[in-house]
Amino acid sequence: MDKIERIKELKREKNAVILAHYYVDGAIQDIADFVGDSLELARKAKSVESDIIVFCGVYFMGETAKILNPDRKVLIPYYKAGCLMADMAIAEEIEEFKRKNPDYAVVTYVNSSADVKAVSDVCCTSANAVKIVENLNAEKILFVPDKNLGSYVAEKVKDKEIKVWSGYCPVHQKLTVEEVEKKKKEYPNAVFVAHPECKKEVRDLADFVGSTSQIINFVKETKANKVIVGTEEGIIHQLKKQRPDIEFILAYSEFSCDQMKMITVDRLLNALEREQFEVKVPKDTAKRAKVAIEKMIEMS
């Protein structure tokens with residue numbers, strides 16, 4: 001029996017569900033029960049009925065699934081798969097900001113630790129950040145931790161004061177104007193799509209800016225036959241499924257999250273066989289973080 005068939009067998013035996021982010025390897029996306037962006041995965045994690053959730057993504061995603069499913073076993077195939085952007089915000093600093101600035105509401109990108117979510121007023125994803133900030137009953141916002149997504153929100157919501165944290169996604173941050181212009185020159189008829197985690201000067205060159213799910217929806221409808229992709233390479237697996245007639249070009253050759261790529265078929269198989277790397281969140285932290293996550297889901 002090959003590894004894929006063994007994973008399917010174990011899923012049935014153990015009443016397990018596999019959730020996967022668009023940035024993990026295509027083979028894992030194909031075997032997953034559900035593939036999505038952060039918002040879609042948060043919604044799905046809240047509604048699953050399996051005994052075991054195996055979350056194929058980085059650690060904060062597994063934490064979110066556990067917070068929404070405290071009585072279920074949540075596994076992650078590789079517990080060291082982390083997120084440098086999430087590590088750029090710590091709860092103690094945010095609490096200190098809140099003490100000094102009590103008139104600010106804290107809006108936290110889901111790409112953050114459970115501890116940071118626990119001291120936040122509401123979470124958001126790149127798909128719903130603008131909507132969350134627009135509809136939040138607060139005129140002053142601290143946006144944590146991604147300065148690029150925060151600046152994108154500030155561009156769209158001009159009637160609120162928005163301070164942004166200094167964090168960023170190193171993978172998206174590497175994309176430069178020069179790289180984009182080079183690709184545009186090489187592929188003059190291509191459209192350029194960018195994730196809001198990219199720098200402002202890069203976003204300004206884009207024909208479309210959106211979350212991973214929004215980019216997929218844009219590509220479904222585009223009349224272009226070439227698309228320059230300004231986000232992590234894993235999304236191309238889904239884009240090719242939707243539009244096999246389009247040529248997809250990565251905006252730069254190393255647009256890959258090495259943390260997401262730590263989630264492999266072998267590690268997924270081991271997680272199911274051994275039920276290893278269970279995600280744990282302290283009860284008090286989980287209780288407070290759940291408020292911010294569920295508020296996001298309600299407002300979306």
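**Entry 1: a charge and a ring.** I started at Arg267, whose charged end sits over the ring of Tyr78, 3.8 Å from the ring's centre. A reminder to myself: this is a predicted model.

**Entry 2: other aromatic pairs.** How many aromatic pairs does a search of the whole structure find? I got five. One of them is Phe208 with Phe218, a stacked pair with 4.6 Å centre to centre and 10° between the planes. I checked where these two sit: Phe208 is in strand E10 (residues 208–209) and Phe218 in helix H13 (residues 212–221), 10 residues apart. Are they buried or exposed? Phe208 has 22% relative accessibility, so I noted it as partly exposed. Phe218 is partly exposed too, because its relative accessible area is 24%.

Then I looked up Tyr252 and Phe255, which make a tilted pair, 4.6 Å centre to centre with 35° between the planes. Tyr252 has 7% relative accessibility, so it counts as buried. Phe255 comes out at 0%, so it is buried as well.

**Entry 3: strand E3.** Next I went to E3, residues 52–56, and found five of its five residues buried. Which residues lie on which side? Ile52, Val54 and Cys56 are on one side, Ile53 and Phe55 on the other, and both faces are covered. I jotted down the background: side chains in a regular strand alternate between the two faces of the sheet.

I then looked for the neighbours of E3. Strand E1 (residues 16–21) pairs with E3 in the parallel sense over five bridges, and Leu19 has Phe55 as its bridge partner in E3. Strand E4 (residues 73–75) also runs parallel to E3, joined by three bridges. There, Val74 of E4 stands opposite Ile53.

**Entry 4: helix H6.** Last stop was H6, residues 91–100, where the buried residues are Ala91, Ile94 and Phe97. Why are they on the same side of H6? They cover an arc of only 120° around the axis, and that puts them on the same side. On the face turned away from the buried side I found Glu92, Arg99 and Lys100, which are exposed. I also looked up what covers the buried residues of H6: strand E5 (105–109), helix H7 (114–118), strand E7 (140–144) and strand E8 (161–164) are included.

Methods: Residues numbered from 1 in each chain as written. Predicted model: local features only at pLDDT ≥ 70, side-chain atom pairs only at ≥ 80, totals over all residues. Heavy atoms only, no water. Buried < 20%, exposed > 50% of the residue type's maximum accessible area, 1.4 Å probe, protein only. Helix = DSSP H or I, 4+ residues; strand = E, 2+ residues; numbered from the N terminus. Pairing = 2+ DSSP bridges. Arc of directions from axis to C-beta. Contact = heavy atoms within 4.5 Å. Phe/Tyr/Trp six-rings, centres within 6.5 Å; stacked < 30°, edge-to-face > 60°. Lys NZ or Arg CZ within 6 Å of the ring centre and 35° of its normal.
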